[in-house]
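Work through the exercises below with the sequence and the 3D structure at hand. Each task is followed by a solution in steps.

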Amino acid sequence: MPDEYAESERPALDTLQRLGWEVVDQQRTIWHDPRETVSSAVLEPRLRDAVERLNPWIDENNLNKAVRENQQLAGTSTMDENEQIHEKLVRHTDVKQDLGHGLKHQTVRYIDYESPENNDFFALNQFRVEGPIETIKPDIVLFVNGIPLGVVECKAPTIAEPRSEALEQLQRYQNERTETGKEGAEESCSGTTSSPWRRGTRAQ
């Protein structure tokens, strides 16, 4: 019987740690979940800390607004919301604040692309997200500044079709495996980052 944790998941976590990621392995330690609800995919305390650190001028009201904007999106589809969050992460957002020269639009950065070391890179295995019917637990979720940007589905190299099985699992998370079944959690991810399960996923 293949041991996916030992043969794939743990080595992946070790590799991430060597690359400088903060790693929490829930098989080895207790992780204190900061979320108010398991239907949210964003780690809000990490997001809030990052926005405040990358934008030291921001006041409390605008900090709350910037964090809220990253979590509450209104789109016609999951893909539409994906596009919205992509725009915010790449082009940033803006708020009105007086920095000494009158009330003006100020750019709020969620990610520091020029100096990557200023960002918070966090990897967590078996991250629970509650969907409309089932609660899913992707093998590894990759967070940048508290925002889930990648999902790694680990499969033992000894199984017959590891890539196919991993891709099928990712489709289940997105509710794309069947035409009518609601077995994933893409709706609970919509309105947060609208879907770490749709963008940036990779089968291992």
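The expected span of a helix is 1.5 Å times one less than its number of residues. Helices (H or I, at least four residues) and strands (E, at least two) are DSSP runs, numbered from the N terminus. The model is predicted: local features need pLDDT of at least 70 and side-chain atom pairs pLDDT 80 or more, while totals for chains, interfaces and linings use all residues. Residues are numbered from 1 along each chain as its sequence is written, and side-chain values use heavy atoms, with hydrogens and water left out.

**Exercise 1. Describe the protein as a whole.**

Step 1. Count the elements: the protein has 6 helices and 9 strands.

Step 2. Look at burial, where buried means under 20% relative accessible area, exposed over 50% and partly exposed in between (1.4 Å probe, protein chains only). Of the 204 residues, 46% are buried.

Step 3. Look at contacts, meaning heavy atoms within 4.5 Å. Among contacts with a separation of 6 or more, 60% involve residues 24 or more positions apart.

**Exercise 2. Compare the span of helix H3 with its expected value, then examine its residues.**

Step 1. H3 has 12 residues, for which 16 Å is expected at 1.5 Å a residue. From first C-alpha to last, H3 reaches 17 Å, close to that value.

Step 2. The buried residues of H3 are Asn62, Leu63, Ala66, Val67, Asn70 and Gln71.

Step 3. At the start of H3, a side-chain oxygen of aspartate 59 comes to within 3.3 Å of the backbone nitrogen of asparagine 61.

**Exercise 3. Find which parts of the chain are tied together by salt bridges.**

Step 1. The whole structure contains 11 salt bridges.

Step 2. Take arginine 46 and glutamate 22, whose side chains form a salt bridge at 3.1 Å, N to O. Arginine 46 is in helix H2 (residues 44-54) and glutamate 22 in strand S1 (residues 22-24), so this pair ties together parts 24 residues apart in sequence. Glutamate 22 is partly exposed, at 38% relative accessible area.

Step 3. Turn to a pair within H2. The closest N and O atoms of arginine 48 and glutamate 44 are 3.7 Å apart in their salt bridge. These two residues are 4 apart in helix H2, about one helical turn. Both are partly exposed: arginine 48 has 22% relative accessibility, and glutamate 44 has 32%.

Step 4. Lysine 88 and glutamate 69 also form a salt bridge, with their closest N and O atoms 3.1 Å apart. Lysine 88 belongs to helix H4 (residues 78-91) and glutamate 69 to helix H3 (residues 60-71), so the pair ties together parts 19 residues apart in sequence. Lysine 88 is buried, with a relative accessible area of 17%.

Step 5. Salt bridges with shared partners join Arg10, Asp14, Asp25 and Arg28 into one network.

Methods: Salt bridge = Lys/Arg side-chain N within 4 Å of Asp/Glu carboxyl O. Polar contact = N/O pair within 3.5 Å; in protein donor to acceptor, adjacent residues only side chain to side chain.
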